[in-house]
Amino acid sequence: MDPIIILHAGIATGTVLLFACIGAIFNERAGILNLGVEGMMLIGAMAGYSVALSTGSAWVGMIAAFIAGGLLSVAHAVVTIHFQADQVVSGLSLTFLGTGLSTVLGEGLSSQAAPTISDVTIPLLGNIPFIGSVFFENHSPLVYLGYLLIPAAWFYIFRTRPGMTLRAIGEKPEAADVLGISVYRQRYAYVIFGGCMAGLAGGIISLSVSPGWYSVQTTSGQGWIAVGLVIFAQWNPVRAAIGSFLFGALRRGILDLQGPATLFGFDNPLFINANLGFFLKMLPFILIILALVIGSNQARRKRLGAPAALGVPYIRGERGL
Amino acid sequence: MEEKEALAVEMRNITIKFPGVLANDNVNLTLKKGEIHALLGENGAGKSTLMNCLAGINRPNAGEIWVDGQLQSFSSPKDAIKSGIGMVHQHFMLVPTQTVTENILLGLDNVGFFMNMRKYEQEIRELADQYSLHVDPEAYIWQLSVGEQQRVEILKMLYRGANILIMDEPTAVLAPQEIEGLMDTLRAMTERGKSIIFISHKLNEVKSIADRVTVLRKGKLTAEGLPMDDMDRKKLAELMVGRTVLFTVFKEENEPGDVVLDVQGVSALNKRGVPALRELSLQVRAGEILGIAGVSGNGQSELAEVITGLRECTGSITVNGEQMANAHPLKAIERGVAHIPEDRNKVGSSPNLSITENTIIKDYKEDPIGEGWQINFLKAAERASGLKDKYDILAPNVETMARKLSGGNLQKVILAREITTQPKLMIAVQPTRGLDIGAIESIQNLLLEQRKNGTAILLISEELDELVSLSDRLSVIHEGKIMGTIEDVENANIEEIGLMMTGEKVS
Amino acid sequence: MRLEIEKRVDDLPWWAPAALSVGAVVLAFVVGGIIFKLIGGEPIRVFGFFIRNTFGSWPAFSDTLVKATPLIFTGLACTVAFKMKMWNIGAEGQLFMGAWFASFVVLFPLVSPETSRWIVIPLMMIFGMVGGGIYGFIPGWLKARYNVNEIITTLMLNYVAFEWVNYWIFDQWSDAGFQMSPTFAKNAWLPRLTDYARQFRAFSGITLHLGVIIALIAVVIVWWLLSKSQWGFEVKLIGDNPDAARYSGVHIKRNIILVLMVSGALAGLAGMIEVTGVVHRLQQQISPGYGFTGIIVAWLAKLNPVAVILVSILFGALIIASREIQPAGISQMLQGLILFFIISSEVFTRYKVKLVRNSAAVVGAD
C-alpha cells in the first residue's frame, strides 16, 4: 500500500491507455468513431511481440506494433469513409477480426521470450523526492514519450493549422470541403493514425509494461477502457492524460488492497477471503461507467459535446450541398 | 478573343447528370466584368448545381468553363478559388465552434503551421473595414447573428482574393433593411471591379439589383444573359415558371371564432442554452391565420416547439383553455394540435419508413389503425393510398420510402397526415420553403382550406410575401419578443415590418 | 481506372439482401482459408472435417442445433436492440446474469429437489429473464437519465458479470472447491431427446433439448413484436429517426430502457437454457461468446428474426468446429471477417459501384 508504488505503477499502465486514448481522440475529432481499439491493440501487441522475437530487437517490434495497428484500421477507414457503413458495427467487426487474427497468428508465441524494452531513469528529475520517484524513475522510455505526447497533441489540435482543419472536419465537413480540403483524405489519415497509436499501445503492453503474449488476456479490455476514456476526456488530450493515469493508479491501488492483513487497523476481509477479490476486479469497470456518468453530465452542463459530425458519414451532396 | 476579355466567366453547353436526373441540360452563362448577373429559377431548377460546378464542387458531364479568357477544368474547389471564384452558399459553410478568423483561414495553404492569430485578426479587421462588413474576428460563429455570419462568408471569399463572387440566395435569411445593406455591399464590390452572380427565385430583388439575367427552368435555359432593362416582373415570372403566374392567392372573408391558442408570458432557452423566447404572448382564434414574421433565429423554431411540447418553457400556453406548457408532445397531438415542422426531413418524417408508415406515426394507436396491441397495416395502406390520390402525392406507390420523395411531395405527405387529424390548431413552420411554385400554391391553398374549416393557424415564415398574402393578422418577432402586430395586413407597410424585424419598436 | 460510387435510385431486387449475405459468408470463408493456408494449415481438409462434424449425421446436427439455440436468443436480443439503434454489446454479460439468476432458484435454493420439473423450469425461465432484464435496465437507465453511451456501459458490465459469477462459483456455490456449482437436481434439467431413448432407440445420445422449441417460440414472439405490434413500430421509428419519434409523441426514454430490458431478458434466457439444457450447473464455460456472436448473427440476418434461425445454425456449426480446429482463434477470425464483409457489402444496397476507365466507359456492373 505504498502510494509511490501505486502511483508509479499507475503511470506505467496508464501510459498504455494514454496512447490508445489520444489516438482515438484524433480519429474521433476527424468525425470517425472507431470501436475497434481493443482489436487493434491486440494486433499491435501480437505483431510487436512476434517481430521482436524474430528480429531480436524490441524497438523494431515496437515499430511493427505501430504499423500493424495502422494496417488493421485501414479496413475500418475504407468501410466507413468510402462505403459509408455504420461506424459502430464496423468498429465491432474490427474488434472481432483483431482478436481472432491475433490469436491465430500469435499461436505458440507465448512460450517464447522476446526481448523487452528496459526501464530508464531520467537523470536529475529522477532525484526529486516523491515526484521524481513516481514520474521519472525506472519507467519505460515510452512513458516519457507519453509525457511529451500530451502537450504535443493538445498544441496540435488547438493551436496549429492542421489541427484547425482537423476540428473543422469533425464539426462541419462540408465547410472544409467547399474550401478545397479533401475530407476523405484527412479522415483516412486520422483513422490510420488512431490505429497506429492503438497498435503502439498494444506493443507497449507486450514489450514493455507487462511483457509477454497472453492472447486475449494481454489487453483484457483495456482497449474498451480507452474508448470510454475518450468520452470522459471530452476529446481533450490533457483530460485524457489525467483520466489515463488516474485510472491506471486506481486499478493498481485496488489490487493492492488484497495484500495487507489489516487495513486501517481492521482485519482486512479481502485478505481473509481471497474470493472477495472478484469484487475488486469488477471495480475498474464500474469506475469507467461512473467516469462516463460524470463526463456526460459535465458535457451536458457546459454544453460541450462530441464533435458534431462524429459517426456521420460524409457524402458530398449531389444537388447543391 | 477580343470579346472574351471583357468576360469574367463564360460557361458553355454545360450538362450535369445525376442518377435519374438531368440537373443541367446544355446551359450557357456569361458574366461580364463588374456586373451583377442574376441567375433566376425556381427551387430545383438547377441554379445551385450549375454554380457548384463553377465553384469546382461538382464536375460537369459536358461543357466548357472559361474564366478570364482561359479554359479551365476544376478538379477541386481549390482550383476555382485560385482562379478567383468564390461562392457564398445558401446554407452557410461555417464551423460554429470556431472563431471568425479560424473560419476565414480554413483551407488556406499559405498560413503557417503555427498560426499567428493576432496578425491574421488584424488583416481581417482591415479587410472588413474596407468593405464595411463589420464583424469581430475573435467571435465564435455560434455567437453571431445570421447577417453577421453572411458577412463572414463574404469576407472569407474576399480574403482569398475572389474577383468573381457567387451569392446563392443571399437574401433568404435577412430582414428587409439588412437586404438593403447587402445590396450596397454588392454594389460597392462591383465598383472595385468585382463581378457577381446573384442566385435568386425572388423577382423583385432580381429586378432591383441585377444588370442582366439568366433564367433556368427544370435544368434548361429559358433566357440567356438578357439585359434587365427589357424585363418586367411578369415576363421574368413566365420565363421562370413557364406559364402566367397569379401573384395573389384568393382568400375568402372569414369571421374568426373563439381564441384557440393563448400564449402568455412564455420564455424558453434554445438548444445552446441561450434565451430564445422572452415573455412572449400571442393569441390565435379559430378560423384565422396569425402570421409570424422575423429574421431566422429569433425564436420562431422555439415558439413552435414550446406549443407542441417539444421544448421546456416558463409561462402559460393554453389550447382551448387547457394548459399545454411543458406537457409531453403526446398531449398536444391528442388535443388536436397539428404541427408542420421546420425541417421536414429531420423532424417531420422518418426517411427509411414508407409513405404508409409516415402517415401513421401520430395515430398508430388510434382506431382504426391501432387494434389492441397491433397495427392494422392493411387499413393503414388503404388510407395512405387514399391520401396519395387526394393530395396528389407523386410516388410509385405507398410503400415508397420517404427519403426517395421530392421536397414538395414529402411536404404533402406531412400535410396530409396533419390535416387528416382534423386539427383545432395548426402550427406551420416554413411550410413552403424550398418548394417549386406548383407545390407552393397547393400547400398555401391547403392552409387556406383549413382556415375555412375553422382551424386556428399559426404560420411562421421567413417569406414576407407569403405572410402578407395568407395572414389575417401579422406579428413580428425579434429576439424572442413580439415587436408589434399588424391588424390590417393587406395595407401593411413593408418598411415598418422590416424595422420591427430588426428590433425597432414601431407604434 | 478508378472506382466511382453513385447513389442508387432504383430498388434492389428482393433477393439481393440474402444474396449479399451469402456472398459475404462465402468470401469470409475464402479469405479465412487463405490465411489458414498461409500459417500452414490445410483449409480444404479442415473444411470437409467441419461439414462432417456439424451436418454429417443426426447426432452431429443435433450438437449443432444445441449450439445454435443460445445463439438464437442472443441474436434476437441484438436484433431487438439494434432495431432501435441501441448498441447492446452486453448480451454476453446479460447471458451470465440470466444463468446466475436461474441457478439461484435451485442453488439458493428456492425450491426443493422434489419439486415438479413443470414448476422449476418455468420459474427458472422467469428468473433468467428477470436477471438479464435487470442487467439491461442498468445501461438503459444510465442512457435515458444521464445520456451515457450504452456501447461502453453494456461492454463494461460484461466484465462485471464474469467476476460476479466467478465469485459465486469459487466461493458460495463451489462444488467441493472446484470452480463450478454442484450439478442441478434432475428437476432443473430441460428434457432431452436422449431421455426418451428407451421408447425411441433412434434418440439415443441425441442431446437436443426443449430449449430449441422455446427458442422457436421466442422467434415468433419477437417477429410479432417487431413487425406487427405498436411497440415494434415505435422501436423502428426511434431507430430510424428519434427526432421524428419525439415529434410524434413517442416516449423515447421509456423505450430506451424497455428495449434494453427486453434485449437483456432474451439474452438472459440464453443463459438459463444453457445451464438447464446443456451443462446442468453454473460454471465459467457456459458460453464460448454467444453474446458477442449474437451481434454478428443479428447483423447477418439483417435484423430479421426468422433469418436469425438460419444464421444461428451456421454459427452454431462454427462454434462446434472451433473446438476441434487449431489454432483456436480461427472461428473468431471467421466471425470478424463475416461481419466485416457484411457491412462492406451494404454499400451495394445504397450505391452503384462502377469501375470507370478514363472517366468515360463503364466497365463494372452494379
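How many of the 27 residues of α1(A) are buried? The count is 23, so this helix is largely enclosed by the rest of the structure. Buried here means that 20 or more other C-beta atoms, placed from the backbone, lie within 10 Å of the residue's own.

Some conventions. This is a predicted model, in which local features need pLDDT of at least 70 and side-chain atom pairs count only at pLDDT 80 or more, while totals for chains, interfaces and linings use all residues. Residues are numbered from 1 along each chain as its sequence is written, and chains are lettered from A and ligands numbered from 1 in the order in which they are written.

Back to chain A. Helix α1, residues 3-29, bends by about 30° at A:G14; the bend is the angle between axes fitted to the seven residues ending there and the seven starting there. Just after α1(A), A:G31 has a positive phi of about 100°.

Next, chain B. There are 17 helices and 22 strands in chain B, both being DSSP runs numbered from the N terminus: H or I of at least four residues for helices, E of at least two for strands. Of the 507 residues in chain B, 48% are buried. The C-alpha trace of chain B spans about 75 × 50 × 50 Å along its principal axes.

Last, chain C. Its domain 1 is 1-36 + 331-366 and its domain 2 is 69-302, with bounds from an automatic or database domain assignment. Six residues from domain 1 of chain C and five residues from domain 2 of chain C make the contact, which requires C-beta atoms, placed from the backbone, within 7 Å.

Methods: Contact = placed C-beta atoms within 7 Å. Buried ≥ 20, exposed ≤ 12 C-beta atoms within 10 Å, placed from the backbone.
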